[in-house]
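Reader: Could you walk me through this structure and show me what stands behind the terms you use for it?
Author: Gladly; let us take it one feature at a time.

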Amino acid sequence: MIFGILGPLLVEDSQGPRTLAAPKQRTLLASLLLRPNQVVPVADLLDRLWGDHHPASATATLHNHIARLRRSLGEEAGARVRTRAPGYLVEVLNDQELDLASFRALHTAAATTAQDGEYDRAAALLRRALGLWRGSALSDVPATAAHSQERVQLDELRLVVWQQRIEYDLESGVGEALIPELRELLAARPFQESLYGQLMRALYRSGRQADALGVFREARAALLDELGVEPGPALQQLHEGLLRQDPGLAQNQPARLRPPQPHSRAEPPRAPFQLPPGVADFTGRQEESAALIAALTADGGHGPRIAAVSGQAGSGKTELALQAAWRLRDTFTDGVLFADLQGQQSRSADPADVLAAFARAQGAERSAISAEREVCAALYHGLAAGRRLLVVLDNAADSSQVRPLLPGPGSAVLVTSRRRLTGLAGARPFDLGLLSQSEAADLFRKVAGRGYDEPDAVAAITARCGYLPLALRIAGARLAARPAWSVQEIAERLADRRHRMDELRAEDMDVRASLMLSYAALPGPNARAFRLLALANAPMLPLSVASAMLDLPRRRAEQILEELVDAHLLTCPQRGSYGFHDLQRLFGKEQAAATETAQERLAALRRGARAARRSTGGPADPGLAALRRVVDDVASTYAIGEPLEYGPAARRHAMSGERRTLHGTVL
């Protein structure tokens, strides 16, 4: 089986080539082949087929296109297109089956070979890699915005590898033979300074010093005339070296793309170990920790073992990951790498920077690390190949930030994120819940240093902290810092729901600030849904009530609610019912008060109350209590002072309450 995207789309099985005449089928197959063995979500495929404006029947039409694609590919190739929630994937069994995978593998092998100083072999490997290209990547695939960007990225990667091959040839002593090739490249890219530098070196090594100096004048004229800038420092230094006939230019000239010489390669004195310390009072999570360790040490297969821990803000994901990683430190004999990906910050960590740091940790010199992400990735993967590493990636924004950082088979990756990383192929998901009551009490008492003889007060504190580790740590730390306070006093301070979030703050530990990071990352419609639904005090909101409160069609409301579940800002214990963690609800109400007008909040509750009345069944209806809580919440918000009855008179009473509230009490 052969798949190809480095040129026109190519599919060939044991029966010969397969032709895809329909443009949308080519678009679908290209989208899947760009992420082999990874699930491409339905939403992503819809965007690639129709852009931002999907037809009403887009999802059903997509399924039909997939069915037609399988038929067009035939039985053998069509079976490789597999359905995997929440989308589809193309199964590629090895690098030889996909030209892009072969290209990347040869690129990585060349980088490893060059590290050992075998530049002629490295250049030969890159010639094989470049020979896989049959023209411009995806040249017969309709140019959607996403595919256009990927074409540009692949073409840039091709140029990087092409220049790397020329660099290896220069290091091997080749000079004059490279001149026509470099002039051809420069004709298409007249502002690429690194190409000018390679041409100048090739000419100089061929005994053509005057021509080499002439190339610098050409470069300076092109840059000044078209861009209004002088050549960069590297090119100017090379020019000065040519003028003084630097003897080093006749042999080797350090350049951005040149890997280090064998004698200067920095081997680490020992396996890297970057793991930060965990907390001394880590409590509970025995089952979760055991499951993580089992997943990270299981038989691997063709890729690294990946465990993805997700959970709400403050649930202790990082501490669980650190505890498991420390227990595994002797299992991964080639070291432990750690990076905080800062996924909830306004600017998350750039994978290129993390790749560079990981390469340095494994012994690469700074001069060997390119600013080009693909080159740096090849160096990292080459260094990691065959090693037994544990890579801990904390606080990931999404799967795309993690994928470039994955090592090879034999290694393991432990990722934490506030989001469920559903797009990370091969990862075993771990949803981290809250502590049990006994675990929460143990954690609070360890941090506070007391409370062992006051079980009732401690139980009240743990409940008011929602069994959330961050909140419990804050409450315990505040009590430990104030010997004059009693455990009961902390419990009473937390009893006031209006000020509870203010109490759960100690130095840089702040429940409100932690939740704000998750909330600020939400798209506008999702943020609105979060704060409006928080107004209802029901332990569970049926989808019908939630969609009414949001004033959205049921399908659109469900989509938003499920995205909030994936972001761990809502819970969904059973299909069609959604709930809040108590502290998240308090935070959501704060945001609603700060963002929505009193009329908007009142209108949302009123819509929810009407939907609740329509949905209410007989006394045996299991959802009746939750639905009535929604209605009662409307009554209390209307400042009526008593729960609403369920009849026309009560609705008239609610209307009068509405008028009083709108003109009096601020909601």
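Reader: What makes α2, α3, α15, α22 and α24 helices that belong to the lining of the second largest pocket?
Author: In this predicted model, α2 (42-50), α3 (58-78), α15 (399-402), α22 (524-533) and α24 (554-566) each supply at least two residues of that lining. A lining residue must have an atom within 4 Å of a pocket point. The largest share comes from α24, with eight residues.

Reader: Which residues lie closest to the centre of the second largest pocket, and how much space does the pocket hold?
Author: The space is about 1,800 Å³. Of the 46 lining residues, Pro 41, Ala 43, Gln 559, Glu 563 and Asp 566 are the closest to the centre. By class, the lining has 19 nonpolar, 13 polar and 14 charged residues.

Reader: How do you know that the lining of the second largest cavity has three charged residues?
Author: The division is three nonpolar, no polar and three charged.

Reader: What makes one face of α10 the buried one?
Author: In α10 (residues 233-243), Leu 235, Leu 238, His 239, Gly 241 and Leu 242 are buried. Seen down the helix axis, these buried residues fall within an arc of 160°, so they line one face. Their cover includes α8 (193-205) and α9 (209-227). On the other side, Pro 233, Gln 237 and Leu 243 are exposed, a word that calls for over 50% relative accessible area.

Reader: Which residues touch the most other members of the largest nonpolar core?
Author: Of its 65 residues, they are Phe 444, Ile 461, Val 511 and Leu 533. Apart from this core lies another, of 50 residues, among them Leu 6, Val 42, Leu 138 and Leu 157.

How values were computed: Residues are numbered from 1 along each chain as its sequence is written. This is a predicted model: local features need pLDDT of at least 70, side-chain atom pairs count only at pLDDT 80 or more; totals for chains, interfaces and linings use all residues. Side-chain values use heavy atoms; hydrogens and water are left out. Buried means under 20% relative accessible area, exposed over 50%, partly exposed in between (1.4 Å probe, protein chains only). Helices (H or I, at least four residues) and strands (E, at least two) are DSSP runs, numbered from the N terminus. The arc is that of the directions from the helix axis to the C-beta atoms. Contact means heavy atoms within 4.5 Å. A nonpolar core is a set of buried Ala, Val, Leu, Ile, Met, Phe, Trp, Tyr and Cys residues joined through side-chain atoms within 4.5 Å. Ala, Val, Leu, Ile, Met, Phe, Trp, Tyr, Cys and Pro count as nonpolar, Asp, Glu, Lys and Arg as charged, and the others, Gly among them, as polar. On a 1 Å grid over the protein atoms alone, a cavity is a set of points where a 1.4 Å probe fits but cannot get out, and a pocket is an open set with protein on both sides within 12 Å along at least five of seven lines; lining residues have an atom within 4 Å of a point. Grid points are joined across faces, edges and corners, and a volume is the space filled by probe spheres set on the points.
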